[in-house]
Amino acid sequence: MTPLPLPDRPDIYYIVAAFLLAIGIFGLLRRRTLIGMLISGELIFSAASLNLMAFNRFRAPDPAVGQIFVLFIMGLAAAEIAIALSIIIAVYRNYRSIKTRELSELNG
Amino acid sequence: MCGLAICCIGLAGLYYFLHSPFLALMEILIYVGAVCVTIVFAVMLAEPDEPVRDENRGSTLLWGGFALVISAAIFWGLWRLGAQQDWTAPVTRVSDGSVAAIGKSLLTTYSMAFELISLALLVAIIGALAVARTGRTKP
């Protein structure tokens, strides 16, 4: 039995998605600005979408369902980006900074 | 921002390999065309200078290891799930996953979710306008 070509093996997609998730979590924890954290959140969304698409391609009986689900994820991510960027701009107008260390009026 | 665009183009290529060119097109259109451009505008308005790190390398390695452990756990769970469960064989597929099938499903089975997500996008954009506007009227 010859091994499958690389794009036809589901493990490859799981590994790529796991790396995307790791980079996203790391950026979310270590970035010091709000926009960096937002981009890291997008990477986590991408990891989830890639896992869904891999399962959809290799395991699901109806391939349209996963694609529609990922489309909805993209729509919700776009809505989240719009809201978060407007909040970031409002915060910058009030504080003159979007560094997370300086937005600490509510700290204990 | 350039990195995000390159990452999204790569993800679109992976979607193309997963037999869904429609999603690859949508990924490029939404992420590279809309999200990256919006983030670039926000960067121009808000100047996000990454401050100099004051921590040592040890904590960076610690958090990197933490993230790797979490993602490895999720990868292991998914791989196990994909390898060991009884899945329906792909020969018994009910549709071919083409653009026509996606459109039919969107307008019949998932029409409620379709309308709901359009409403969510409308509310999000109006909310974004309201939040940015109240920031402007302040002195």
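These are my notebook entries on a predicted two-chain model, chains A and B.

I number residues from 1 along each chain as its sequence is written, with chains lettered from A and ligands numbered from 1 in the order in which they are written. As the model is predicted, local features need pLDDT of at least 70 and side-chain atom pairs count only at pLDDT 80 or more, while totals for chains, interfaces and linings use all residues.

**Chain A.** I looked up the secondary structure and found 3 helices and 0 strands, in the order α-α-α. Helices here are DSSP runs of H or I of at least four residues, strands are runs of E of at least two, and both are numbered from the N terminus. The radius of gyration of chain A, at 18 Å, is well over the 13 Å that the globule rule gives for 108 residues, so chain A is more spread out than a compact globule. That radius is taken over C-alpha atoms, and the rule is 2.2 Å times the number of residues to the power 0.38. Along the principal axes, the C-alpha atoms of chain A fill a box of roughly 65 × 25 × 20 Å.

**Burial.** I call a residue buried if 20 or more other C-beta atoms, placed from the backbone, lie within 10 Å of its own. Buried residues are 44% of the 108 in chain A; in chain B they are 17% of 139.

**Chain B.** I read 5 helices and 0 strands, running α-α-α-α-α. Chain B is divided into domain 1 (1-48) and domain 2 (99-139), with bounds from an automatic or database domain assignment. The C-alpha centres of these two domains of chain B lie 19 Å apart.

**Contact between the chains.** I take residues as in contact if their C-beta atoms, placed from the backbone, lie within 7 Å. The contact uses 56 residues of chain A and 60 of chain B. On the chain A side, α3(A) gives the most, with 24 residues.

**Largest nonpolar core.** Such a core is a set of buried Ala, Val, Leu, Ile, Met, Phe, Trp, Tyr and Cys residues joined through C-beta atoms within 7 Å. The largest has 52 residues, of which A:Ala17 and A:Leu50 touch the most other members. Elements from both chains give two or more residues to this core, among them α1 of chain A and α5 (111-137) of chain B. The most come from α3(A), with 13 residues. I also checked A:Ala17: leaving aside neighbours within four places in sequence, A:Ala17 is in contact with A:Ala47, A:Leu50 and A:Asn51.

Note on methods:
A residue is buried if 20 or more other C-beta atoms lie within 10 Å of its own, exposed if 12 or fewer, and partly exposed in between; C-beta atoms are placed from the backbone.
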